[in-house]
Protein chains: 2
Amino acid sequence: MVRTVGSHGPKTMEAIRKAGLKLIHEHGYEAMTLRQLAAEVGVQVGSLYNHISTKQDLLFDLIKAHMDDLLAELEVRLAGIDGPVERLKAFCAFHVAYHILRKREVFIGYSELRSLDPNHYEEIVGLRRQYERRLTAILEEGRQQGLFQVGDNAVAAYGILAMLTGVCTWFRPNGRLTREQVAEIYSDMVLRGLVPPDQLPASSPLR
Amino acid sequence: MVRTVGSHGPKTMEAIRKAGLKLIHEHGYEAMTLRQLAAEVGVQVGSLYNHISTKQDLLFDLIKAHMDDLLAELEVRLAGIDGPVERLKAFCAFHVAYHILRKREVFIGYSELRSLDPNHYEEIVGLRRQYERRLTAILEEGRQQGLFQVGDNAVAAYGILAMLTGVCTWFRPNGRLTREQVAEIYSDMVLRGLVPPDQLPASSPLR
């Protein structure tokens, strides 16, 4: 669908991002042409260059914005939550909720890592490491306090992240489970996989 | 790299599959041209039509062969293994080992579902459902025997599959962990996430 927008200003950049997200998600980065992109935005191809210098810039911008938002919102979500069990629960609930809402960004952030230039690739991998470290720090804290039985923090973190992210591939907003229910079921599986039941408060439903 | 092969027979079809897998993995299905494919195989574009009728046929063939192999090998792996705990362990070990070895097929089977024609898509989704049902059957058996605490068989199955499949994105053959170690760590996390410790044999390392 072609919409007509002005060719300047942040509104156009926002429209370009939105169109790029849609087209890369549907066709893949390499297959998407700037002509298609311009048509989707409703501007001339030449006008794109007022906002992005290359297709690569747009891809990087999309994936980086996703990672920046993810890191910033996690920070907000974890602020003031103490103790590794509660922090891990909050992490799981946040990750599931965030990823369900941004399925296309998640898909592109995975499938089009291959298409990033080496320096862009390194930067994104660095941001991912930062995010993973937020989780491994929680796992390590729990292990040190004798609360979690973790064989290997990094492997456990990868496993947990993959499990939680996987929700993107099957969750349907009008399915039989709500976003909150799914987040809870997944948190429970993660917690149960790490926490020996006698360490949990007597009131815990996991016990 | 262009290799020269005969343009007839199963060897060429095998070379086409291999080249298709490589090119779709690197560039995406939509971006891959039959010209690129022929060059990679080392034949004329026209010769491709002795083996595949369309690019879509090749994509479907690649994803279907992957699913058929997965289902057949799982059958072999689970044969003669009794009891839900042992069967779940075997399932996890099999899934991790299989997916590590077939990272490109796994990537394409996920990222290019979008590119399958509707009837092909339905067929692949049906095969996936079959595979998922093998896992939910194990979970249900364990639940009925009071061995597993599963909130929701389907959600647990999706979570487990995503976690196990995620190994593809980070496992490096020459990294610090072997395939067997990773399979064991992951099996443990899954089992611990489902099995109340007092149900396990006293000898179990999970206890």
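Colleague: In which helix does Glu132(B) lie, and is Glu132(B) buried or exposed?
Modeller: This is a predicted model, and in it Glu132(B) is part of helix H7 of chain B. The relative accessible area of Glu132(B) is 15%, and the cut-off for a buried residue is under 20%. Glu132(B), in helix H7 of chain B, is therefore buried.

Colleague: Which residues does Glu132(B) contact, leaving aside its neighbours within four places in sequence?
Modeller: Contact here means heavy atoms within 4.5 Å. With the neighbours within four places in sequence set aside, the partners of Glu132(B) are Tyr158(B) and Leu161(B).

Colleague: Is Arg134(B) buried, partly exposed or exposed?
Modeller: Arg134(B) is also found in helix H7 of chain B. Buried requires under 20% relative accessible area and exposed requires over 50%. Arg134(B) has 23% relative accessibility, so the class that applies is partly exposed.

Colleague: What separates the C-alpha atoms of Arg134(B) and Leu71(B), and which residues does Arg134(B) contact beyond four places in sequence?
Modeller: Arg134(B) and Leu71(B) are 63 residues apart along the chain, and their C-alpha atoms are separated by 9.1 Å. Once neighbours within four places in sequence are left aside, Arg134(B) is in contact with Leu74(B), Glu75(B), Leu78(B) and Arg87(B).

Colleague: How are H5(B) and H7(B) oriented relative to each other?
Modeller: Helix H5 of chain B covers residues 84-101 and helix H7 of chain B covers residues 118-144; they pack at about 150° with their axes 9 Å apart. Angles over 145 degrees count as roughly antiparallel, so that H5(B) and H7(B) are roughly antiparallel.

Colleague: What is the hand of the crossing of H5(B) and H7(B), and which residues make the contact?
Modeller: H5(B) passes H7(B) in a left-handed crossing. From H5(B), the contact involves Pro84(B), Arg87(B), Leu88(B), Phe91(B), Phe94(B) and His95(B). From H7(B), the residues are Tyr131(B), Arg134(B), Leu135(B), Ile138(B), Leu139(B), Glu141(B) and Gly142(B).

Colleague: Why are H5(B) and H8(B) classed as oblique to each other?
Modeller: H5(B) packs against helix H8 of chain B, residues 153-165, at an angle of about 40°, with the axes 9 Å apart. An angle counts as roughly parallel under 35 degrees and as roughly perpendicular from 65 to 115. The class of H5(B) and H8(B) is therefore oblique.

Colleague: What is the hand of the crossing of H5(B) and H8(B), and which residues of H8(B) take part in the contact?
Modeller: The crossing of H5(B) and H8(B) is right-handed. H5(B) contributes Phe91(B), Cys92(B), His95(B), Val96(B) and His99(B) to the contact. On the side of H8(B), the residues are Leu161(B), Leu164(B) and Thr165(B).

Colleague: At what angle do H4(B) and H5(B) cross?
Modeller: Helix H4 of chain B spans residues 55-78, and H4(B) passes H5(B) in a right-handed crossing. Residues of H4(B) that meet H5(B) include His66(B), Asp69(B) and Leu70(B), while those of H5(B) include Arg87(B), Ala90(B) and Phe91(B). The axes of H4(B) and H5(B) come within 10 Å, and the crossing angle is roughly 145°.

Colleague: Is Leu135(A) buried or exposed?
Modeller: Leu135(A) lies in helix H7 of chain A, residues 118-144. Beyond four places in sequence, Leu135(A) touches Leu88(A), Phe91(A), Ala157(A), Ile160(A) and Leu161(A). With 0% relative accessibility, Leu135(A) counts as buried.

Colleague: How many disulfides does the structure hold?
Modeller: Cys92(A) counts as buried at 0% relative accessibility, and Cys168(B) counts as buried at 7%. A disulfide requires cysteine sulfur atoms within 2.5 Å. Over all chains, the number of disulfides is zero.

Colleague: How many helices and strands are there in chain A?
Modeller: From the N terminus on, the elements of chain A run α-α-α-α-α-α-α-α-α-α. Of the 207 residues of chain A, 51% count as buried. The count for chain A is 10 helices and zero strands.

Colleague: What kind of axis relates the two copies?
Modeller: Chain B is superposed on chain A by a rotation of 180° with 0.0 Å of shift along its axis, at an RMSD of 0.0 Å. The two copies are thus related as by a two-fold rotation axis.

Methods
Residues are numbered from 1 along each chain as its sequence is written. Chains are lettered from A and ligands numbered from 1 in the order in which they are written. This is a predicted model: local features need pLDDT of at least 70, side-chain atom pairs count only at pLDDT 80 or more; totals for chains, interfaces and linings use all residues. Side-chain values use heavy atoms; hydrogens and water are left out. Copies are superposed by least squares on the C-alpha atoms of residues with pLDDT of at least 70 in both. Buried means under 20% relative accessible area, exposed over 50%, partly exposed in between (1.4 Å probe, protein chains only). Axes are lines fitted to C-alpha atoms, for helices over the stretch in contact, and angles run from 0 to 180 degrees between N-to-C directions. Helices (H or I, at least four residues) and strands (E, at least two) are DSSP runs, numbered from the N terminus. A crossing is left-handed if the near helix is turned anticlockwise from the far one by less than a right angle, and right-handed if clockwise.
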